[in-house]
Amino acid sequence: GSCLEAVKIAIDAGYRHIDGAFVYFNEHEVGQAIREKIAEGKIKREDIFYCGKLWNTCHPPELVRPTLEKTLKILQLDYVDLYIIELPMAFKPGDALYPRDENGKFIYHETDLCATWEAMEACKDAGLAKSIGVSNFNRRQLEMIMNKPGLKYKPVSNQVECHPYFTQPKLSEFCRQHDIVIVGYSPLGTSRDESWVNVSSPPLLKDPVLNAIGKKYNKTAAQVALRFNVQRGVVVIPKSFNPQRIRENFQIFDFSLTDKEMKEIEALNKNVRYVELLM
Ligand code: A2P
């Protein structure tokens, strides 16, 4: 139930872009929150930008549309605004979302990302997704899609880890040149959950530079980190279940960082990921 409440608070606070996924197991709550806010007259469906994700076990082309249809059924929505391939590698299809063999090793599955992409294009043509994109793709993987013979739609966005300690200078530049929007996940440096986060990298929000700059504007380090990305054209998807922090993370449009401050924050880049995705 916490996700239902958080999304409703977020919509009231002004958020319109909601980043979801089947594998987060809360799409039913997100869909309910959106539908309740529409029923209240607070928003219309077209005000919301919902991003859904194709999980690793669903890469074979014949699984793509049924998987999106399942997400739409859970959301109880007619379309998603953006549907993205969550990771550029596939697991064995089946009920297990993290299939492992008897030795505990992940069971991968050989698929052709270009064929998966063609199935994504078909979802757009069918009106089930307004736009299609990717996530966790590197430059070579993006190029593979973009150079695909008969490409109908290129990825509109690439969702990757992006924040002051991992600024993605090369990938950002490549995506900028090709008009692919970078959507930065973990823009606050993650929840530091040791089960999936590399916690040997220091906590982003304790950074002295971010805190000092925040002091000048009467903002928090979190707000400075978010503003930094927004100001350089990177979309941010901060996560919070706390009403006060949900609102705080939206209060980033009433100040701007100077060029000097932007450069100072860029210089914090450590080129170290929090989310290593070792699988
Ligand atoms: P909580 O849900 O309790 O607010 P990221 O978006 O980089 O994945 O970071 C999410 C983590 O950051 C969550 O643990 C979240 O906790 C916390 N968080 C979200 N907003 C703020 C904020 N404004 N200040 C400090 N921590 C925050």
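**Reading the values of a predicted model**

Me: What makes up the span of residues 4–269, and how far apart are its ends?
Reply: The span is 39% helix and 13% strand, and its end C-alpha atoms lie 35 Å apart. The structure is a predicted model. The UniProt record, an unreviewed entry, places the feature "domain: NADP-dependent oxidoreductase" at these residues, 4–269.

Me: How many helices and strands does the protein chain have?
Reply: The protein chain has 10 helices and seven strands.

Me: Why is the protein chain called as compact as a globular protein of that length?
Reply: The globule rule gives 19 Å for 279 residues, and the radius of gyration of the chain is 19 Å, so the chain is as compact as a globular protein of that length. Along its principal axes the C-alpha trace spans about 55 × 45 × 40 Å.

Me: What share of the protein chain is buried?
Reply: Buried residues make up 50% of the 279 residues. As for contacts with a separation of 6 or more, 74% are accounted for by residues 24 or more positions apart.

Me: Why is T116 called buried?
Reply: The term applies under 20% relative accessible area. T116 has a value of 0%, so T116 is buried. T116 lies in helix 4, residues 113–125.

Me: Which residues is T116 in contact with, leaving aside its neighbours within four places in sequence?
Reply: They are L54, H59, P61, V64 and I85. To count as a contact, heavy atoms must be within 4.5 Å.

Me: Why is D101 called partly exposed?
Reply: Buried is under 20% and exposed is over 50%, with partly exposed in between. D101 has a relative accessible area of 28%, so D101 is partly exposed. Its place is in the loop between strand 3 (80–85) and helix 4.

Me: How far is the C-alpha atom of D101 from that of H17?
Reply: The two C-alpha atoms are separated by 38 Å, and the residues are 84 residues apart along the chain.

Me: What lines the second largest pocket?
Reply: The lining has 20 residues, and N136, F137, N138, L171 and R273 lie nearest the centre of the pocket. The volume of this pocket is about 430 Å³.

Me: Which element gives the largest share of that lining?
Reply: Helix 6 does, with three residues. Helix 6 (169–177) and strand 5 (157–161) each supply at least two residues of the lining.

Me: How do the lining residues of the second largest pocket divide by class?
Reply: There are 12 nonpolar, three polar and five charged residues.

Key:
Residues numbered from 1 in each chain as written. Predicted model: local features only at pLDDT ≥ 70, side-chain atom pairs only at ≥ 80, totals over all residues. Heavy atoms only, no water. UniProt positions renumbered as here; feature names shortened; annotations may be inferred. Helix = DSSP H or I, 4+ residues; strand = E, 2+ residues; numbered from the N terminus. 1 Å grid on protein atoms, 1.4 Å probe; cavity = no way out; pocket = protein on both sides within 12 Å on 5 of 7 lines; lining within 4 Å. Points joined across faces, edges and corners; volume = space filled by probe spheres on them. Nonpolar A, V, L, I, M, F, W, Y, C, P; charged D, E, K, R; others polar. Rg over C-alpha atoms; globule rule 2.2 N^0.38 Å. Buried < 20%, exposed > 50% of the residue type's maximum accessible area, 1.4 Å probe, protein only.
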